[in-house]
Amino acid sequence: MSFSVTEASSRQKWFAGILVVGYALITMLPLVWIIATGFKSSPDAIAYPPKIVFEPTVEGYVNLFTTQTRLSSEAAATPDQDLPWYESLVREKGMTIVGPSRFSERFFNSVIIGFGSTFFAIVLGTAAAYAFSRFKVPLKDDLLFFILSTRMMPPIAVAIPIFLMFRYLGLNDTHAGMILLYTAVNLSLSVWLINGFIDEIPVEYEEAALIDGYTRFQAFYKVVLPQAATGIASTAIFCLIFAWNEYAFAVLLTSGTAQTAPPFIPTIIGVGGQDWPAVAAGATLFLLPVMVFTILLRKHLLRGITFGAVRK
Amino acid sequence: MAEVVLENVTKSFGDTVALDRVSMTIEDGSFVVLLGPTGAGKTTALRMVSGLDTPDSGDVLIGGRSMKGLMPAQRNVAMVFQQYSLYPHLTVRQNLEFPLKSPLLNTLQADIDRKINSVSEILQIKQKLDNKTTALSGGEMQRVAIGRALVRDPSIYLMDEPLSSLDAKLRADLRIELKSIQANSGATLLYVTHDQIEAMTMATHVGVLDNGRLVQFGSPREIYEDPVSIYAASRLGQPRINILPADVFEGSPAGAKLIGLRPEQIAQGEGEESFVTRVEHLGDQTRLHLSFKNHDLITVTDAHTELKSGDIVKIKPDKPFYFDASGDRFSGREK
């Protein structure tokens, strides 16, 4: 359904199309650059002027997932025909693989902490938002303001107290600690956003469900939740993006066991040379989960953002 | 089905008294219509019975059992909301199934299909069953909302202006349909409307609410022919009852301040002269706007009348109502 008074002329449509495609190209250029660099060889990656056309290699990805050491001269002298493809690739550089790197472990930490904290932020945020929206909560407006006030400074401003608290509680470098922290930071966002979405749903639907023989919780579950799904999905995306990309707290509070990918990726750069393709490969893989999650919820996200505009 | 009793139900919202000591017995199988302007407490009365709101004081009894502390689901009532309140994420069929699939009723699928089939037939929404409710017209939404109540067999049906957004023909059809459903099944209904035809034709009892107080309760004829006050008299009658100072006509009893004349209480052709100011031909009847001693009157005359504005008609009250200064009936009832 079109709400415009007059249909756009074909010239206007062309102009709009060019504008949108142009903008999309500009925003996607860094992404393209990162993805391309991941498939370049080390010399190509730092070539000047930059190479648009290059011979793709998975060297960067092999470096990302492995730890290597210089190949001893006697090992180099006795070529082995049964070498796996990645070992041969590494040997061309005079290196040999001694074991896996910690990238997959860090990546998995990010998945647990990112999705875990999103899950809790959404579940707790929805419950709180529903209560704020539907029940008489004493000092409701003040409470909502307090909740939002946690966002009025950069979270890192409280890094030192958090660091001390975490050390005292033994939460340093634990998955639980990071999930707790990211959940706490995201809760204000989720409570506010979801509260807005639930406020938009007329209370009459729940009343109808109560009359139709359902309990309060069943009415919430069967009537409110499906209608708030779009809002909840878009909130989940925002929460995940924050937790996934968070760098400062991750550097400060994790090291050995619970380190997430963001503080790890820069360390790939290595000691000797600067292994840009491996860094780019890590960044590319790091982008994927959020991208997939967002694409899966894309329909909801678009509707979620325009929620207020299309509802009657 | 069951008898529903309101006992001294009082409810306030802040400073506004929505219901003020309302007592009413809705007999098993009766069709009770609540009349009153917006804000009189009609919807609040429905919500008290449904359990969506609870009385500040007083009690609601369904089938002789006090409803104190019972959730709407535990009361087994069906309600048609004024704003339809159809679940927008469900299809028409799913909306109709919703109460039947509740933990309360937990109906077998075969029974669900049978009921939905018959209800959608009655309400003429069969071809819309698989549509999303958001894709329906206002009239269709209202029919689905009625259907969602009719699939059930509750202790009482509560309906809040269920026919208000239907076109005239469908409204007439559904009025007859609702009445015959009620008559055949012995269902008990508490029904809110502004529509006088609905009240007169469907109700077994009419309750007149004025600012939260139940001022009169009785059969539609009783309310029409023997109203307790100007307020109650004004609820029914098209065109509305004419209220004039009692002394403009001769023969008013001493002490009566106001006279109330329904069109049929104005005898034409004898008595004192009045001027015709306007003639409205409505087809089946003709309305006469009269000017009588500087007071405006509206009455009904023969559909094929030759009268036109400027003509003179003689009129005389015929068994009129008299009211005192406060608007209560003057004679026949009290003092």
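1. Let me start in chain A, where helix 6 (residues 103-134) and helix 9 (residues 175-199) pack with their axes 6 Å apart, at an angle of about 40 degrees. Helices here are DSSP runs of H or I with at least four residues, strands are runs of E with at least two, and both are numbered from the N terminus. Axes are lines fitted to C-alpha atoms, for helices over the stretch in contact, and angles run from 0 to 180 degrees between N-to-C directions. That angle makes helix 6 of chain A oblique to helix 9 of chain A; under 35 degrees counts as roughly parallel, over 145 as roughly antiparallel, 65 to 115 as roughly perpendicular, and the rest as oblique. Ala, Val, Leu, Ile, Met, Phe, Trp, Tyr, Cys and Pro count as nonpolar, Asp, Glu, Lys and Arg as charged, and the others, Gly among them, as polar.

2. A word on what we're looking at: this is a predicted model, with local features needing pLDDT of at least 70 and side-chain atom pairs counting only at pLDDT 80 or more, while totals for chains, interfaces and linings use all residues. Residues are numbered from 1 along each chain as its sequence is written, and chains are lettered from A and ligands numbered from 1 in the order in which they are written.

3. Still in chain A, the domain assignment gives domain 1 (56-101) and domain 2 (104-310); such bounds come from an automatic or database domain assignment. The C-alpha centres of these two domains of chain A are 40 Å apart. Six residues of domain 1 of chain A are in contact with eight of domain 2 of chain A, contact being C-beta atoms, placed from the backbone, within 7 Å. On the domain 1 side of chain A, that's three nonpolar, two polar and one charged residue.

4. Chain B is also assigned two domains, domain 1 (4-234) and domain 2 (239-323). Their centres, taken over C-alpha atoms, are separated by 37 Å. Five residues of domain 1 of chain B touch seven of domain 2 of chain B, and the domain 1 side has three nonpolar, two polar and no charged residues.

5. Now the sheets of chain B. Six strands make an open sheet in the order 6-7-8-3-9-10, with mixed pairing; two strands pair if DSSP finds at least two bridges between them. Strand 6 (77-80) and strand 10 (213-218) of chain B each have a single partner strand, so one side of each is left without a neighbour in the sheet. On average, neighbouring strands here are turned by 15 degrees against each other, direction ignored. Helix 1 (residues 42-50) of chain B packs on this sheet, touching strands 3, 6, 7, 8 and 9 of chain B, and its direction makes about 150 degrees with that of strand 7 (156-160).

6. At one end of that sheet, strand 9 (residues 205-210) of chain B runs antiparallel to strand 10 of chain B, joined by five bridges. If you want a residue to check, Val208(B) has Gln216(B) as its bridge partner.

7. The other sheet to look at in chain B is open and antiparallel, with four strands in the order 2-1-4-5. Strands 1 (residues 4-13) and 2 (residues 16-26) of chain B pair over seven bridges, with Lys11(B) partnered by Leu19(B). These two strands of chain B form a hairpin with two residues between them, and Gly14(B) in the turn has a positive phi of about 60 degrees. Strand 1 of chain B also pairs with strand 4 (residues 57-62) of chain B over five antiparallel bridges, where Val4(B) stands opposite Ile62(B).

8. Where do the chains meet? 20 residues of chain B are in contact with 13 of chain A. Helix 2 (72-75), strand 6 and helix 3 (92-100) of chain B each supply at least two residues of the chain B side, and strand 6 of chain B gives the largest share, three residues. By class, the chain B side has 15 nonpolar, five polar and no charged residues.

Definitions and conventions: Two residues are in contact if their C-beta atoms, placed from the backbone, lie within 7 Å.
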